[in-house]
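Dear colleague,

Please find below the structure I am handing over to you, followed by a short account of what was found in it.

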Amino acid sequence: MLRPKPDETEKFMNSEQIIASLKDLMATGDAPGKVLTDPADLDTYGKDWTKIYPPKPLAIALPKTTEQVQALVKFANENQVALVPSGGRTGLSAGAVAANGEVVVAFDNMNQILDFNASDRTVRCQAGVVTEQLQNCAEDNGLYYPVDFASAGSSQLGGNLSTNAGGIKVIRYGMSRDWVAGLKVVTGKGDILDLNKDLEKNNTGYDLRHLFIGAEGTLGFITEATMKLSRKPDNLTVLVLGLNDLTNTMDVLQTFQKKIDLTAYEFFSHQAMGHVLAHGQVQAPFETEAPYYALLEFESVSDQVMDDAMALFEQCVENGWVLDGVISQSETQAQNLWQLRERISESIAPRTPYKNDISVVVSKVPGFLQEIDAVVTEHYPDFEIIWFGHIGDGNLHLNILKPEDMANEDFFEKCQQVNKWVFEIVERYQGSVSAEHGVGMTKKPYLQYTRSEAEIAYLRGIKQVFDPNGIMNPGKIFD
(Lines give C-alpha, C1' and ligand atoms only; values in the text may rest on other atoms or scores of the structure.)
Protein backbone atom coordinates (compact mmCIF):
# COMPACT_ATOMS: atom_id res chain seq x y z
CA MET A 1 0.00 0.00 0.00
CA LEU A 2 1.31 3.48 -0.80
CA ARG A 3 2.61 5.44 2.16
CA PRO A 4 1.70 9.08 2.91
CA LYS A 5 4.29 11.72 3.49
CA PRO A 6 5.25 12.06 7.19
CA ASP A 7 3.51 15.42 7.64
CA GLU A 8 0.29 14.13 6.04
CA THR A 9 -0.23 10.97 8.11
CA GLU A 10 -3.32 12.28 9.86
CA LYS A 11 -5.13 12.60 6.52
CA PHE A 12 -5.02 8.89 5.74
CA MET A 13 -7.03 5.95 7.03
CA ASN A 14 -5.66 2.92 8.81
CA SER A 15 -6.21 -0.59 7.46
CA GLU A 16 -9.45 -1.20 9.37
CA GLN A 17 -10.91 2.08 8.17
CA ILE A 18 -9.94 1.34 4.58
CA ILE A 19 -11.64 -2.08 4.69
CA ALA A 20 -14.78 -0.61 6.25
CA SER A 21 -14.91 2.10 3.58
CA LEU A 22 -14.42 -0.47 0.82
CA LYS A 23 -17.38 -2.45 2.13
CA ASP A 24 -19.53 0.67 2.06
CA LEU A 25 -18.46 1.43 -1.51
CA MET A 26 -19.22 -2.10 -2.72
CA ALA A 27 -22.66 -2.04 -1.10
CA THR A 28 -23.89 0.74 -3.41
CA GLY A 29 -26.15 0.37 -6.45
CA ASP A 30 -28.57 -2.29 -7.59
CA ALA A 31 -25.82 -4.93 -7.87
CA PRO A 32 -23.73 -4.86 -4.67
CA GLY A 33 -20.16 -6.07 -4.85
CA LYS A 34 -18.11 -7.84 -2.20
CA VAL A 35 -15.03 -7.27 -0.06
CA LEU A 36 -13.06 -10.30 1.12
CA THR A 37 -10.48 -10.35 3.91
CA ASP A 38 -10.27 -14.04 4.81
CA PRO A 39 -6.61 -15.24 4.67
CA ALA A 40 -7.48 -17.96 2.14
CA ASP A 41 -9.11 -15.38 -0.15
CA LEU A 42 -6.17 -13.01 0.22
CA ASP A 43 -3.85 -15.82 -0.88
CA THR A 44 -6.07 -16.89 -3.81
CA TYR A 45 -6.74 -13.45 -5.25
CA GLY A 46 -3.41 -11.88 -4.38
CA LYS A 47 -1.28 -13.91 -6.78
CA ASP A 48 -1.05 -15.31 -10.30
CA TRP A 49 0.74 -18.40 -11.62
CA THR A 50 4.17 -17.08 -10.65
CA LYS A 51 5.61 -18.45 -7.42
CA ILE A 52 8.32 -15.89 -6.76
CA TYR A 53 6.49 -13.21 -4.75
CA PRO A 54 4.28 -14.22 -1.80
CA PRO A 55 0.89 -12.45 -1.88
CA LYS A 56 0.20 -9.87 0.85
CA PRO A 57 -2.93 -7.92 -0.15
CA LEU A 58 -4.89 -5.85 2.34
CA ALA A 59 -8.29 -6.83 0.95
CA ILE A 60 -10.05 -8.12 -2.15
CA ALA A 61 -12.73 -5.97 -3.79
CA LEU A 62 -15.12 -7.73 -6.18
CA PRO A 63 -17.11 -5.03 -8.00
CA LYS A 64 -20.07 -5.79 -10.27
CA THR A 65 -20.32 -2.53 -12.23
CA THR A 66 -18.10 0.03 -13.91
CA GLU A 67 -19.45 2.63 -11.49
CA GLN A 68 -18.24 0.61 -8.52
CA VAL A 69 -14.80 0.36 -10.12
CA GLN A 70 -14.85 4.13 -10.57
CA ALA A 71 -15.78 4.60 -6.91
CA LEU A 72 -12.88 2.36 -5.89
CA VAL A 73 -10.40 4.33 -7.98
CA LYS A 74 -11.59 7.68 -6.66
CA PHE A 75 -11.43 6.39 -3.09
CA ALA A 76 -7.91 5.08 -3.73
CA ASN A 77 -6.78 8.45 -5.05
CA GLU A 78 -8.22 10.30 -2.07
CA ASN A 79 -6.53 7.96 0.41
CA GLN A 80 -3.38 6.93 -1.48
CA VAL A 81 -4.37 3.26 -1.60
CA ALA A 82 -2.68 1.11 -4.22
CA LEU A 83 -4.89 -1.04 -6.45
CA VAL A 84 -3.92 -4.27 -8.23
CA PRO A 85 -6.18 -5.75 -10.96
CA SER A 86 -6.94 -9.46 -10.89
CA GLY A 87 -8.47 -11.44 -13.74
CA GLY A 88 -8.09 -15.19 -14.18
CA ARG A 89 -4.72 -15.05 -12.38
CA THR A 90 -3.06 -17.12 -15.09
CA GLY A 91 -0.27 -14.60 -15.77
CA LEU A 92 3.39 -15.56 -15.66
CA SER A 93 5.09 -12.22 -14.96
CA ALA A 94 3.60 -11.33 -11.53
CA GLY A 95 1.58 -8.53 -13.10
CA ALA A 96 -1.42 -9.41 -10.91
CA VAL A 97 0.49 -10.07 -7.69
CA ALA A 98 -0.32 -7.90 -4.66
CA ALA A 99 2.81 -8.25 -2.53
CA ASN A 100 2.80 -4.97 -0.60
CA GLY A 101 -0.54 -4.50 1.13
CA GLU A 102 -2.47 -3.35 -1.93
CA VAL A 103 -6.19 -3.71 -2.48
CA VAL A 104 -6.90 -6.27 -5.19
CA VAL A 105 -9.70 -5.38 -7.62
CA ALA A 106 -10.90 -8.76 -8.93
CA PHE A 107 -13.26 -8.91 -11.91
CA ASP A 108 -14.68 -12.39 -11.33
CA ASN A 109 -18.18 -11.00 -10.70
CA MET A 110 -18.12 -8.76 -13.77
CA ASN A 111 -18.54 -11.79 -16.01
CA GLN A 112 -21.58 -11.02 -18.16
CA ILE A 113 -21.84 -11.04 -21.94
CA LEU A 114 -23.86 -7.87 -22.43
CA ASP A 115 -24.70 -7.78 -26.12
CA PHE A 116 -24.23 -9.66 -29.38
CA ASN A 117 -24.54 -7.85 -32.70
CA ALA A 118 -24.92 -10.16 -35.70
CA SER A 119 -24.62 -7.39 -38.30
CA ASP A 120 -21.42 -5.99 -36.85
CA ARG A 121 -20.16 -9.45 -35.81
CA THR A 122 -19.25 -8.13 -32.37
CA VAL A 123 -19.93 -9.11 -28.79
CA ARG A 124 -19.76 -6.75 -25.81
CA CYS A 125 -18.42 -8.30 -22.62
CA GLN A 126 -17.54 -7.35 -19.09
CA ALA A 127 -13.88 -7.70 -18.18
CA GLY A 128 -14.38 -10.87 -16.14
CA VAL A 129 -15.76 -12.92 -19.02
CA VAL A 130 -13.64 -16.07 -19.37
CA THR A 131 -11.98 -16.61 -22.76
CA GLU A 132 -13.78 -19.90 -23.31
CA GLN A 133 -17.09 -18.22 -22.46
CA LEU A 134 -16.48 -15.72 -25.26
CA GLN A 135 -15.44 -18.49 -27.64
CA ASN A 136 -18.62 -20.44 -26.85
CA CYS A 137 -20.78 -17.35 -27.39
CA ALA A 138 -19.23 -16.87 -30.81
CA GLU A 139 -19.77 -20.54 -31.69
CA ASP A 140 -23.40 -20.44 -30.52
CA ASN A 141 -23.96 -17.64 -33.01
CA GLY A 142 -22.20 -19.38 -35.88
CA LEU A 143 -19.03 -17.29 -35.57
CA TYR A 144 -15.52 -17.62 -34.17
CA TYR A 145 -13.31 -15.86 -31.63
CA PRO A 146 -9.80 -16.93 -32.66
CA VAL A 147 -7.58 -15.82 -29.77
CA ASP A 148 -6.82 -19.07 -27.96
CA PHE A 149 -4.39 -20.52 -25.44
CA ALA A 150 -4.12 -23.36 -22.93
CA SER A 151 -5.60 -21.21 -20.14
CA ALA A 152 -8.75 -20.37 -22.13
CA GLY A 153 -10.89 -22.11 -19.52
CA SER A 154 -9.82 -19.75 -16.73
CA SER A 155 -8.18 -16.62 -18.20
CA GLN A 156 -10.39 -13.54 -18.31
CA LEU A 157 -10.85 -11.06 -21.14
CA GLY A 158 -9.72 -8.04 -19.12
CA GLY A 159 -6.47 -9.78 -18.24
CA ASN A 160 -5.97 -10.97 -21.81
CA LEU A 161 -6.27 -7.41 -23.07
CA SER A 162 -4.16 -5.95 -20.28
CA THR A 163 -1.28 -8.17 -21.40
CA ASN A 164 -2.24 -8.24 -25.11
CA ALA A 165 -2.30 -12.03 -24.93
CA GLY A 166 -1.39 -13.93 -28.08
CA GLY A 167 -1.54 -17.72 -27.93
CA ILE A 168 -1.60 -20.42 -30.57
CA LYS A 169 -3.35 -18.72 -33.53
CA VAL A 170 -1.30 -15.54 -33.89
CA ILE A 171 0.27 -16.65 -37.17
CA ARG A 172 -3.17 -16.38 -38.80
CA TYR A 173 -5.28 -14.14 -36.56
CA GLY A 174 -2.91 -11.82 -34.70
CA MET A 175 -2.90 -10.73 -31.05
CA SER A 176 -5.74 -9.81 -28.71
CA ARG A 177 -5.54 -6.12 -29.65
CA ASP A 178 -6.43 -6.97 -33.25
CA TRP A 179 -9.93 -8.05 -32.14
CA VAL A 180 -10.92 -5.06 -30.00
CA ALA A 181 -13.64 -2.86 -31.49
CA GLY A 182 -14.10 -0.73 -28.36
CA LEU A 183 -13.22 -0.46 -24.68
CA LYS A 184 -14.75 1.00 -21.57
CA VAL A 185 -12.10 1.90 -19.01
CA VAL A 186 -11.74 3.63 -15.69
CA THR A 187 -8.55 5.70 -15.74
CA GLY A 188 -6.19 6.15 -12.84
CA LYS A 189 -7.84 9.52 -12.22
CA GLY A 190 -11.25 7.87 -11.94
CA ASP A 191 -12.66 8.98 -15.30
CA ILE A 192 -14.82 6.59 -17.31
CA LEU A 193 -13.82 6.57 -20.99
CA ASP A 194 -15.76 4.88 -23.79
CA LEU A 195 -13.03 4.32 -26.36
CA ASN A 196 -13.68 4.07 -30.11
CA LYS A 197 -17.40 3.27 -29.66
CA ASP A 198 -16.98 0.04 -31.67
CA LEU A 199 -16.30 1.88 -34.94
CA GLU A 200 -14.42 0.16 -37.74
CA LYS A 201 -13.19 3.51 -39.07
CA ASN A 202 -12.47 6.33 -36.65
CA ASN A 203 -9.53 8.53 -37.55
CA THR A 204 -10.00 11.26 -34.94
CA GLY A 205 -6.62 11.49 -33.33
CA TYR A 206 -4.90 9.15 -30.90
CA ASP A 207 -6.55 5.74 -30.52
CA LEU A 208 -6.46 5.39 -26.74
CA ARG A 209 -7.66 1.78 -26.90
CA HIS A 210 -4.17 0.69 -27.68
CA LEU A 211 -2.64 2.41 -24.68
CA PHE A 212 -4.78 0.38 -22.31
CA ILE A 213 -4.24 -2.87 -24.21
CA GLY A 214 -0.94 -4.22 -22.89
CA ALA A 215 -0.71 -1.66 -20.08
CA GLU A 216 -1.18 -4.30 -17.33
CA GLY A 217 -3.60 -2.10 -15.42
CA THR A 218 -1.02 0.61 -14.81
CA LEU A 219 -3.04 3.34 -16.57
CA GLY A 220 -6.51 2.26 -15.52
CA PHE A 221 -8.83 -0.74 -15.46
CA ILE A 222 -10.67 -2.20 -18.44
CA THR A 223 -14.26 -2.89 -17.38
CA GLU A 224 -15.91 -3.72 -20.72
CA ALA A 225 -14.69 -4.68 -24.19
CA THR A 226 -16.44 -5.07 -27.51
CA MET A 227 -14.75 -7.87 -29.37
CA LYS A 228 -14.82 -8.60 -33.09
CA LEU A 229 -15.71 -12.07 -34.31
CA SER A 230 -14.83 -13.92 -37.49
CA ARG A 231 -16.25 -16.71 -39.60
CA LYS A 232 -15.79 -20.17 -38.17
CA PRO A 233 -12.86 -22.04 -39.78
CA ASP A 234 -13.78 -25.06 -41.85
CA ASN A 235 -12.46 -28.58 -41.15
CA LEU A 236 -9.35 -27.71 -39.13
CA THR A 237 -6.72 -30.37 -39.71
CA VAL A 238 -3.61 -30.99 -37.61
CA LEU A 239 -0.27 -32.35 -38.81
CA VAL A 240 2.45 -33.31 -36.29
CA LEU A 241 5.95 -33.77 -37.70
CA GLY A 242 9.13 -35.13 -36.15
CA LEU A 243 11.98 -32.83 -37.18
CA ASN A 244 15.56 -33.87 -37.81
CA ASP A 245 17.06 -30.58 -36.60
CA LEU A 246 15.95 -27.28 -35.09
CA THR A 247 16.73 -25.34 -38.26
CA ASN A 248 14.23 -27.56 -40.07
CA THR A 249 11.41 -25.73 -38.30
CA MET A 250 11.98 -22.82 -40.67
CA ASP A 251 12.41 -25.07 -43.70
CA VAL A 252 9.05 -26.73 -43.03
CA LEU A 253 7.32 -23.43 -42.28
CA GLN A 254 8.50 -21.78 -45.49
CA THR A 255 7.60 -24.84 -47.55
CA PHE A 256 4.04 -25.08 -46.27
CA GLN A 257 3.33 -21.35 -46.31
CA LYS A 258 3.98 -21.20 -50.04
CA LYS A 259 0.77 -23.14 -50.68
CA ILE A 260 -1.26 -23.31 -47.46
CA ASP A 261 -2.47 -20.60 -45.06
CA LEU A 262 -1.63 -22.03 -41.65
CA THR A 263 -3.82 -21.24 -38.64
CA ALA A 264 -1.12 -22.41 -36.20
CA TYR A 265 2.52 -23.47 -36.25
CA GLU A 266 3.83 -24.71 -32.90
CA PHE A 267 6.94 -26.54 -31.84
CA PHE A 268 8.17 -28.49 -28.81
CA SER A 269 11.23 -30.48 -27.88
CA HIS A 270 11.49 -34.22 -27.32
CA GLN A 271 11.98 -33.50 -23.60
CA ALA A 272 8.75 -31.52 -23.52
CA MET A 273 6.80 -34.34 -25.13
CA GLY A 274 8.36 -36.79 -22.71
CA HIS A 275 6.81 -34.94 -19.78
CA VAL A 276 3.41 -34.86 -21.47
CA LEU A 277 3.50 -38.60 -22.15
CA ALA A 278 4.63 -39.35 -18.59
CA HIS A 279 1.80 -37.20 -17.28
CA GLY A 280 -0.68 -39.61 -18.90
CA GLN A 281 -3.82 -39.30 -21.03
CA VAL A 282 -1.84 -38.56 -24.20
CA GLN A 283 -0.17 -40.99 -26.61
CA ALA A 284 2.91 -40.50 -28.77
CA PRO A 285 1.96 -39.41 -32.30
CA PHE A 286 4.21 -42.05 -33.91
CA GLU A 287 6.96 -44.51 -32.96
CA THR A 288 9.85 -42.55 -34.44
CA GLU A 289 11.66 -40.33 -31.91
CA ALA A 290 12.80 -36.89 -33.02
CA PRO A 291 14.71 -34.11 -31.23
CA TYR A 292 12.00 -31.58 -32.10
CA TYR A 293 8.40 -31.65 -33.24
CA ALA A 294 6.25 -29.22 -35.20
CA LEU A 295 2.46 -28.99 -35.07
CA LEU A 296 0.75 -27.42 -38.08
CA GLU A 297 -2.93 -26.58 -38.31
CA PHE A 298 -4.80 -25.53 -41.45
CA GLU A 299 -8.24 -25.49 -42.99
CA SER A 300 -8.71 -28.53 -45.19
CA VAL A 301 -11.54 -27.08 -47.24
CA SER A 302 -11.08 -29.33 -50.27
CA ASP A 303 -9.39 -32.47 -51.51
CA GLN A 304 -6.87 -30.25 -53.24
CA VAL A 305 -5.72 -28.71 -49.96
CA MET A 306 -5.24 -32.16 -48.44
CA ASP A 307 -3.37 -33.33 -51.54
CA ASP A 308 -1.12 -30.27 -51.30
CA ALA A 309 -0.45 -30.96 -47.62
CA MET A 310 0.56 -34.56 -48.30
CA ALA A 311 2.78 -33.53 -51.20
CA LEU A 312 4.50 -30.92 -49.03
CA PHE A 313 4.99 -33.49 -46.27
CA GLU A 314 6.63 -35.88 -48.72
CA GLN A 315 8.86 -33.08 -49.99
CA CYS A 316 10.00 -32.34 -46.42
CA VAL A 317 10.79 -36.03 -45.85
CA GLU A 318 12.76 -36.26 -49.11
CA ASN A 319 14.80 -33.21 -48.12
CA GLY A 320 15.71 -34.84 -44.81
CA TRP A 321 13.93 -32.25 -42.70
CA VAL A 322 11.18 -34.53 -41.40
CA LEU A 323 11.65 -38.00 -39.90
CA ASP A 324 8.00 -38.97 -39.50
CA GLY A 325 4.54 -37.47 -39.27
CA VAL A 326 0.85 -38.00 -38.66
CA ILE A 327 -2.21 -36.12 -39.89
CA SER A 328 -5.61 -35.96 -38.21
CA GLN A 329 -8.55 -37.69 -39.90
CA SER A 330 -11.26 -36.27 -37.65
CA GLU A 331 -11.95 -33.41 -35.26
CA THR A 332 -11.34 -35.73 -32.31
CA GLN A 333 -7.95 -36.78 -33.66
CA ALA A 334 -7.05 -33.13 -34.24
CA GLN A 335 -7.93 -32.30 -30.63
CA ASN A 336 -5.89 -35.25 -29.37
CA LEU A 337 -2.83 -34.13 -31.34
CA TRP A 338 -3.20 -30.62 -29.90
CA GLN A 339 -2.90 -32.16 -26.42
CA LEU A 340 0.76 -32.90 -27.15
CA ARG A 341 1.38 -29.15 -27.18
CA GLU A 342 -1.25 -27.80 -24.82
CA ARG A 343 -0.49 -30.13 -21.90
CA ILE A 344 3.19 -29.20 -21.66
CA SER A 345 2.77 -26.46 -19.05
CA GLU A 346 0.48 -28.65 -16.97
CA SER A 347 2.87 -31.61 -17.10
CA ILE A 348 5.95 -29.67 -15.97
CA ALA A 349 4.17 -27.57 -13.32
CA PRO A 350 5.13 -29.92 -10.43
CA ARG A 351 8.81 -29.22 -11.21
CA THR A 352 8.46 -25.49 -10.37
CA PRO A 353 9.58 -24.31 -13.83
CA TYR A 354 11.28 -20.96 -14.20
CA LYS A 355 9.66 -19.54 -17.31
CA ASN A 356 10.86 -17.10 -19.91
CA ASP A 357 8.55 -15.87 -22.65
CA ILE A 358 10.76 -14.36 -25.35
CA SER A 359 10.55 -13.54 -29.04
CA VAL A 360 12.47 -12.56 -32.14
CA VAL A 361 11.48 -12.18 -35.77
CA VAL A 362 10.63 -15.60 -37.19
CA SER A 363 13.67 -15.94 -39.46
CA LYS A 364 16.07 -15.61 -36.50
CA VAL A 365 14.45 -18.29 -34.31
CA PRO A 366 16.82 -21.27 -34.90
CA GLY A 367 20.08 -19.42 -34.21
CA PHE A 368 18.48 -17.52 -31.32
CA LEU A 369 17.25 -20.68 -29.64
CA GLN A 370 20.51 -22.56 -30.16
CA GLU A 371 22.57 -19.76 -28.59
CA ILE A 372 20.36 -19.59 -25.50
CA ASP A 373 20.24 -23.36 -25.15
CA ALA A 374 24.04 -23.57 -25.34
CA VAL A 375 24.57 -20.87 -22.70
CA VAL A 376 22.15 -22.37 -20.19
CA THR A 377 23.39 -25.92 -20.76
CA GLU A 378 27.02 -24.87 -20.33
CA HIS A 379 26.54 -23.04 -17.04
CA TYR A 380 23.86 -25.25 -15.50
CA PRO A 381 24.28 -28.76 -16.93
CA ASP A 382 22.14 -30.21 -14.14
CA PHE A 383 19.12 -28.08 -15.09
CA GLU A 384 16.58 -29.70 -17.39
CA ILE A 385 15.54 -27.31 -20.17
CA ILE A 386 12.14 -27.56 -21.82
CA TRP A 387 11.52 -25.69 -25.06
CA PHE A 388 8.17 -25.08 -26.71
CA GLY A 389 6.34 -22.19 -28.24
CA HIS A 390 4.55 -20.42 -31.05
CA ILE A 391 7.47 -20.67 -33.41
CA GLY A 392 5.36 -19.49 -36.35
CA ASP A 393 5.27 -15.99 -34.86
CA GLY A 394 8.75 -16.03 -33.29
CA ASN A 395 7.58 -16.64 -29.70
CA LEU A 396 9.56 -19.16 -27.64
CA HIS A 397 8.96 -20.43 -24.12
CA LEU A 398 12.11 -21.34 -22.21
CA ASN A 399 11.35 -23.44 -19.13
CA ILE A 400 14.08 -24.38 -16.67
CA LEU A 401 13.00 -27.13 -14.29
CA LYS A 402 14.03 -27.04 -10.65
CA PRO A 403 16.13 -30.00 -9.49
CA GLU A 404 14.18 -31.91 -6.85
CA ASP A 405 16.92 -31.53 -4.21
CA MET A 406 17.29 -27.74 -4.66
CA ALA A 407 15.46 -25.18 -2.52
CA ASN A 408 13.18 -22.75 -4.33
CA GLU A 409 15.19 -19.74 -3.14
CA ASP A 410 18.48 -21.16 -4.45
CA PHE A 411 16.88 -22.14 -7.75
CA PHE A 412 15.34 -18.73 -8.36
CA GLU A 413 18.63 -17.03 -7.48
CA LYS A 414 20.51 -19.11 -10.04
CA CYS A 415 17.82 -18.39 -12.62
CA GLN A 416 18.37 -14.67 -12.15
CA GLN A 417 21.87 -15.16 -13.54
CA VAL A 418 20.39 -17.21 -16.38
CA ASN A 419 18.10 -14.27 -17.13
CA LYS A 420 21.03 -11.93 -17.63
CA TRP A 421 22.66 -14.20 -20.18
CA VAL A 422 19.40 -14.93 -21.95
CA PHE A 423 18.39 -11.29 -22.22
CA GLU A 424 21.79 -10.24 -23.48
CA ILE A 425 21.17 -12.62 -26.38
CA VAL A 426 17.62 -11.23 -26.75
CA GLU A 427 19.05 -7.71 -26.98
CA ARG A 428 21.62 -8.75 -29.56
CA TYR A 429 18.89 -10.32 -31.70
CA GLN A 430 16.68 -7.22 -31.19
CA GLY A 431 13.99 -9.38 -29.63
CA SER A 432 11.56 -9.00 -26.75
CA VAL A 433 12.03 -10.09 -23.13
CA SER A 434 8.26 -10.61 -22.94
CA ALA A 435 6.41 -11.80 -26.02
CA GLU A 436 2.91 -12.21 -24.58
CA HIS A 437 2.83 -12.39 -20.77
CA GLY A 438 3.64 -8.77 -20.01
CA VAL A 439 6.37 -7.21 -17.89
CA GLY A 440 4.86 -7.28 -14.41
CA MET A 441 7.53 -7.62 -11.77
CA THR A 442 9.53 -10.56 -13.13
CA LYS A 443 10.56 -8.80 -16.36
CA LYS A 444 10.76 -5.30 -14.93
CA PRO A 445 14.53 -5.41 -14.22
CA TYR A 446 15.16 -6.38 -17.84
CA LEU A 447 12.93 -3.94 -19.69
CA GLN A 448 15.96 -2.03 -21.00
CA TYR A 449 17.03 -5.06 -23.03
CA THR A 450 14.02 -4.46 -25.31
CA ARG A 451 13.08 -0.81 -24.76
CA SER A 452 15.39 2.19 -25.12
CA GLU A 453 15.79 4.79 -22.37
CA ALA A 454 13.87 7.26 -24.50
CA GLU A 455 10.97 4.81 -24.93
CA ILE A 456 10.83 4.09 -21.20
CA ALA A 457 10.78 7.83 -20.48
CA TYR A 458 7.73 8.20 -22.75
CA LEU A 459 6.07 5.25 -21.02
CA ARG A 460 6.58 6.97 -17.69
CA GLY A 461 5.13 10.17 -19.10
CA ILE A 462 1.99 8.37 -20.29
CA LYS A 463 1.64 6.75 -16.86
CA GLN A 464 1.80 10.19 -15.21
CA VAL A 465 -1.00 11.53 -17.41
CA PHE A 466 -3.46 8.74 -16.67
CA ASP A 467 -2.38 7.89 -13.10
CA PRO A 468 -0.78 10.99 -11.54
CA ASN A 469 -0.96 9.60 -7.98
CA GLY A 470 0.62 6.28 -8.93
CA ILE A 471 -2.11 4.11 -7.44
CA MET A 472 -2.74 1.79 -10.42
CA ASN A 473 -0.78 -1.46 -10.13
CA PRO A 474 2.33 0.29 -8.82
CA GLY A 475 5.69 -1.44 -9.20
CA LYS A 476 4.69 -3.17 -12.43
CA ILE A 477 6.49 -2.57 -15.77
CA PHE A 478 8.71 0.06 -14.08
CA ASP A 479 9.07 1.64 -10.64
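Strand 6 (residues 122–126) pairs with strand 10 in the antiparallel sense over five bridges; two strands pair if DSSP finds at least two bridges between them. Strands, like helices, are DSSP runs numbered from the N terminus (strands E, at least two residues; helices H or I, at least four).

This is a predicted model, in which local features need pLDDT of at least 70 and side-chain atom pairs count only at pLDDT 80 or more, while totals for chains, interfaces and linings use all residues. Residues are numbered from 1 along each chain as its sequence is written, and side-chain values use heavy atoms, with hydrogens and water left out.

Strand 10 (residues 220–228) is largely enclosed by the rest of the structure, because eight of its nine residues are buried (under 20% relative accessible area; exposed is over 50%, partly exposed in between; 1.4 Å probe, protein chains only).

Alanine 106 belongs to strand 4 (residues 103–106) and is buried, at a relative accessible area of 0%. Beyond its neighbours within four places in sequence, alanine 106 is in contact (heavy atoms within 4.5 Å) with Tyr45, Ile60, Ala61, Leu62, Pro63, Ser86 and Arg89.

The structure holds zero disulfides (pairs of cysteine sulfur atoms within 2.5 Å). For cysteine 125, the nearest cysteine sulfur is that of cysteine 137, 6.6 Å away.

Yours sincerely
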